[in-house]
Amino acid sequence: MSSSEQAPTATMAELSKPTLLMSTFLGGTAAIFAVNFTHPLDLIKTRVQVSQDGIIQTCSNTMRNEGVLAFWKGVPWAYLREGSYTAIRLGAYAPVRDAIGAGAPDAPWYMKFLAGALTGAIGSVAGNPFDVLKTLSQTNKGASIPLGSLVGDMYQNQGIAGFYRGVEVNVMRAVVLNATKMGVYDVAKGRVVDSTGWSRKDPRTAFCSSFLAGFFMTCTVAPFDRIRTNLMNQPTEKKVYDGMVDCLVKTVRSEGPLSLW
């Protein structure tokens with residue numbers, strides 16, 4: 001086949017590559033849809049972190065005292081969080097990775113981690129207010145607080161700064177989470193392809209790579225997630241902790257180092 005016949009094919013491949021805006025939009029849309037199914041798990045995780053009760057006990061108490069709909073408390077804030085934080089974290093990763101020269105399969109692993117860290121940090125700052133409001137709604141075991149009242153109380157008692165409580169650890173969490181998840185996923189995909197001979201687009205490759213990335217992500221992000229929950233769950237009218245370090249010290253002192261996991 002002549003080079004003149006090959007040119008249109010290359011051009012079509014370039015045109016089909018999503019832009020930064022399109023990739024972010026698609027990533028956010030997928031995350032907003034998925035949160036309908038994952039939110040109950042997130043609520044249970046958050047309540048377990050706060051109360052230190054077991055998973056079964058937390059599920060049982062929530063169902064018995066608040067009903068099944070309580071598992072979706074705070075889901076409006078979760079939609080907004082996914083549409084900001086996760087849209088940037090996931091959707092912008094590939095364009096940023098390619099922009100810094102880490103898109104090739106043989107690119108250095110630390111460049112892939114850098115791309116994940118950058119998009120995770122930017123996304124966490126954008127989504128922090130919704131993260132705070134979601135956490136407060138999830139840990140509230142009484143009647144659901146109207147969205148306007150929750151926002152109004154926070155602003156009246158702590159101003160704009162209240163919506164950014166825990167932002168430091170949230171950024172650190174997002175950097176570790178995204179760097180680990182996206183970096184390990186990319187590296188694992190290459191190793192799986194080399195070991196099995198499967199193509200990079202094979203569903204088996206995606207499953208194995210996702211499993212490995214999810215495992216390492218959970219191990220690395222758990223301590224940051226625990227401290228973030230404690231900081232964001234402070235009452236709107238007062239501060240329990242004087243920042244991330246104070247929260248870490250008090251948590252470890254009262255519950256032990258393993259409580260971070």
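1. Two residues are in contact when heavy atoms of theirs lie within 4.5 Å. Among contacts in the protein chain between residues at least 6 apart in sequence, 73% join residues at least 24 apart. The model is a predicted one.

2. Overall make-up. The protein chain has 10 helices and zero strands, so its pattern along the sequence reads α-α-α-α-α-α-α-α-α-α. Its C-alpha trace spans about 70 × 35 × 35 Å along the principal axes. Of the 261 residues in the protein chain, 42% are buried.

3. Helix 2 against helix 4. Helix 2 covers residues 20-51 and helix 4 covers residues 75-91; the two pack with their axes 7 Å apart, at an angle of about 140 degrees. That angle makes helix 2 oblique to helix 4, because only angles over 145 degrees count as roughly antiparallel. The crossing of helix 2 past helix 4 is right-handed. From helix 2, the contact is made by S23, T24, G27, G28, A31, I32, V35, N36 and H39. From helix 4, V75, A78, Y79, E82, G83, T86, A87, I88 and G91 take part. By class, the residues of this contact are eight nonpolar, nine polar and one charged.

4. Helix 4 against helix 8. Helix 4 also packs with helix 8 (residues 167-196), at an angle of about 50 degrees and with the axes 11 Å apart. Helix 4 is therefore oblique to helix 8, and passes helix 8 in a right-handed crossing. Helix 4 contributes R81, Y85, R89 and L90 to the contact, while helix 8 contributes R173, A174, L177, N178, K181 and M182. The contact of helix 4 with helix 8 has five nonpolar, one polar and four charged residues.

5. Aromatic pairs. A pair of aromatic rings is described by the distance of the centres and the angle of the planes. The structure holds two aromatic pairs. In one of them, the rings of F33 and F37 have centres 5.5 Å apart and planes at 65 degrees, so this pair is edge-to-face. F33 and F37 both belong to helix 2, where they sit four residues apart, about one turn of the helix. Both residues, F33 and F37, are exposed. The rings of F215 and F216 have centres 5.4 Å apart and planes at 80 degrees, so this pair is also edge-to-face. F216 has 40% relative accessibility and therefore counts as partly exposed.

6. K73. Is this lysine, K73, buried or exposed? K73 counts as buried, because its relative accessibility is 8%. K73 is placed in the loop between helix 3 (55-66) and helix 4. Leaving aside neighbours within four places in sequence, K73 is in contact with H39, L43, R47, E66, S137, Q138, N140, K141, G142 and S144. K73 and F37 are 36 residues apart along the chain, and their C-alpha atoms are separated by 13 Å.

7. Q52. The loop between helix 2 and helix 3 holds Q52. Although Q52 is not a glycine, its phi is positive, at about 65 degrees. With 43% relative accessibility, Q52 counts as partly exposed.

Technical notes
Residues numbered from 1 in each chain as written. Predicted model: local features only at pLDDT ≥ 70, side-chain atom pairs only at ≥ 80, totals over all residues. Heavy atoms only, no water. Axes fitted to C-alpha atoms, helices over the stretch in contact; angles between N-to-C directions. Parallel < 35°, antiparallel > 145°, perpendicular 65-115°, else oblique. Left-handed = near helix turned anticlockwise from the far one by under 90°. Nonpolar A, V, L, I, M, F, W, Y, C, P; charged D, E, K, R; others polar. Phe/Tyr/Trp six-rings, centres within 6.5 Å; stacked < 30°, edge-to-face > 60°. Buried < 20%, exposed > 50% of the residue type's maximum accessible area, 1.4 Å probe, protein only.
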